[in-house]
Amino acid sequence: MLSKTYQSREEIDTSKLRAFAEINLTNFKHNIDVINNMLDDDCEIVGVVKANAYGHGSVEVASYFESIGIKHFAVACISEGIELRNANIKGEIIILGYTPVCQKDDIIKYDLTQTLVNSSYARELSELPGVVKCHVALNTGMNRIGENRDHIKDIELIYKLKNLDITGIFSHLCRADSEEEEDILFTRKQIENFDYIIDKLKEDKIDLGEVHLQNSYGITTYRSIHRDLARPGIILYGVPCDPKDKILNKLPENEQFKPTMSLRCKVAMVKDVPAGENIGYGNNFTTTTPMKIATITIGYADGFSRAVSKKDFKVLVNGQYGRIIGNVCMDQTMIDATNIDNIKEGDIVTLFGQDGDYYLPVNQLSELSGTITNETLSCIGSRVERVYHF
């Protein structure tokens, strides 16, 4: 169940919050509707809620997804799956990564579906007592996990092993988010490799279970793929993977995704600083004119990257722009508030998200940090409180 659900954003009491992430459930519903319209009617969504639902709160997000009809979930590891089961999530929970075979009893106890990362792992798992539900991973070119098309016999043997209830088979598209011709050709080759394996297994009358290949950009860009399940990740959360992504922006208006998280903190202190003063660690910034400086309640221990120091990172306070100065500290950060009218202690600072008529995309944090949005969101720390609203 949701820890607390608000009828509207206005009902959220932020008075006791230091740094917090607002999670918009209405935008989640919008994104799921958009994804469903891109898929075949009989293709079901696997809600990818690994990495604490990309920083959004796995239990709360999965609970909401289940309440609106999502029946399948994907996590990275067994501990994430157990957390969802302990929170009374009823749907299928697929562990996409490796689980030590010594934890087979826990996989069975919590009714989880284990990925078979290769044939040798499958054999080890089958030799232990108890029947475990599994999906078979295929390597179609990423070379992360799974057997490739040259190992058809090994893949067929997996289906003949005892103590494995194989309910699905899948692979992963690793360049589907690129418009470069080389990457498009590579993705098409991945699809060809996948289809080759699937067709060979079907020729041998093997019951494959549910077949899935499309991830986020597989859904948006490679719509000719028709399978039983699809695994949206980053598009569920309404933002692009790459901060410079152009693919999602090209989608028609009725297929635009909506961001589900806004990151905010508070103003702790406002002070007037004369020219010639150092600000923060390492003599990183010196005022050249008198400035109004505000200290805000977020730092790199909250997942707000230190890499954005010295990069003119914009923030919003009361619908007005400030910028980070000096180095981001572990728990606090300083901003130039000279041009922000009436800023005071306790004011809300937006690092990304909506503030009145103004909006800061998460892309700014990802780009200036030199990373992708998936990492930016999933690294938002545990002491940043999540609050949920419609």
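Asn88 is partly exposed, with a relative accessible area of 48%; this class lies between buried, under 20%, and exposed, over 50% (1.4 Å probe, protein chains only). Asn88 is not a glycine, yet has a positive phi of about 75°. The model is predicted: local features need pLDDT of at least 70, side-chain atom pairs count only at pLDDT 80 or more, and totals for chains, interfaces and linings use all residues. Residues are numbered from 1 along each chain as its sequence is written, and side-chain values use heavy atoms, with hydrogens and water left out.

**Backbone and loops**

- Most residues other than glycine have a negative phi.
- Asn88 is found in the loop between α4 (78-86) and β5 (92-95); helices (H or I, at least four residues) and strands (E, at least two) are DSSP runs, numbered from the N terminus.
- Lys205, also not a glycine, has a positive phi of about 65°.
- The loop between α8 (181-203) and β9 (210-212) holds Lys205, which counts as exposed at 75% relative accessibility.
- Thr140, in the loop between β7 (132-137) and α7 (152-158), is buried, with a relative accessible area of 4%.
- The side chains of Thr140 and Gln190 make a polar contact at 3.0 Å; the term means a pair of N or O atoms within 3.5 Å, where within protein one must be able to donate a hydrogen and the other to accept it, and residues adjacent in sequence count only if both atoms are side-chain atoms.
- Leaving out residues up to four places away in sequence, Thr140 touches Ser171, His172, Gln190, Asn193 and Phe194, with contact meaning heavy atoms within 4.5 Å.

**Helix α1**

- Helix α1 (residues 25-38) has 14 residues and should span 20 Å at 1.5 Å a residue, which agrees with its end C-alpha atoms being 20 Å apart; the expected span is 1.5 Å times one less than the number of residues.
- At the start of α1, a side-chain oxygen of Asn24 comes within 3.0 Å of the backbone nitrogen of Thr26.
- The buried residues of α1 are Leu25, Asn27, Phe28, Asn31, Ile32, Val34, Ile35 and Met38.
- An α-helix has 3.6 residues a turn, so residues three or four places apart point the same way.

**Nonpolar cores**

- In the largest nonpolar core, of 112 residues, Phe65 and Leu116 touch the most other members; a core is a set of buried Ala, Val, Leu, Ile, Met, Phe, Trp, Tyr and Cys residues joined through side-chain atoms within 4.5 Å.
- Another core lies apart from it and has eight residues, among them Val273, Ile279, Phe285 and Ile325.

**Aromatic rings**

- The structure holds seven aromatic pairs; rings of Phe, Tyr and Trp (its six-membered ring) pair if their centres lie within 6.5 Å, and planes under 30 degrees apart count as stacked, over 60 as edge-to-face and the rest as tilted.
- Phe304 and Phe313 have ring centres 5.3 Å apart and planes at 85°, so the pair is edge-to-face; Phe304 and Phe313 are buried.
- Tyr321 and Tyr358 also form an edge-to-face pair, because their centres are 5.7 Å apart and their planes at 80°.
- Tyr321 lies in strand β14 (residues 320-325) and Tyr358 in strand β17 (residues 358-360), so this pair ties together parts that are 37 residues apart in sequence.
- Ring pairs link Phe28, Tyr54, Phe65 and Tyr237 into a cluster.
- Lys314 lies over the face of Tyr321, at 5.4 Å from the ring centre; a charge sits over a ring if NZ of Lys or CZ of Arg is within 6 Å of the ring centre and within 35 degrees of the ring normal.
- Arg175 lies over the face of Phe186, at 3.8 Å from the ring centre.
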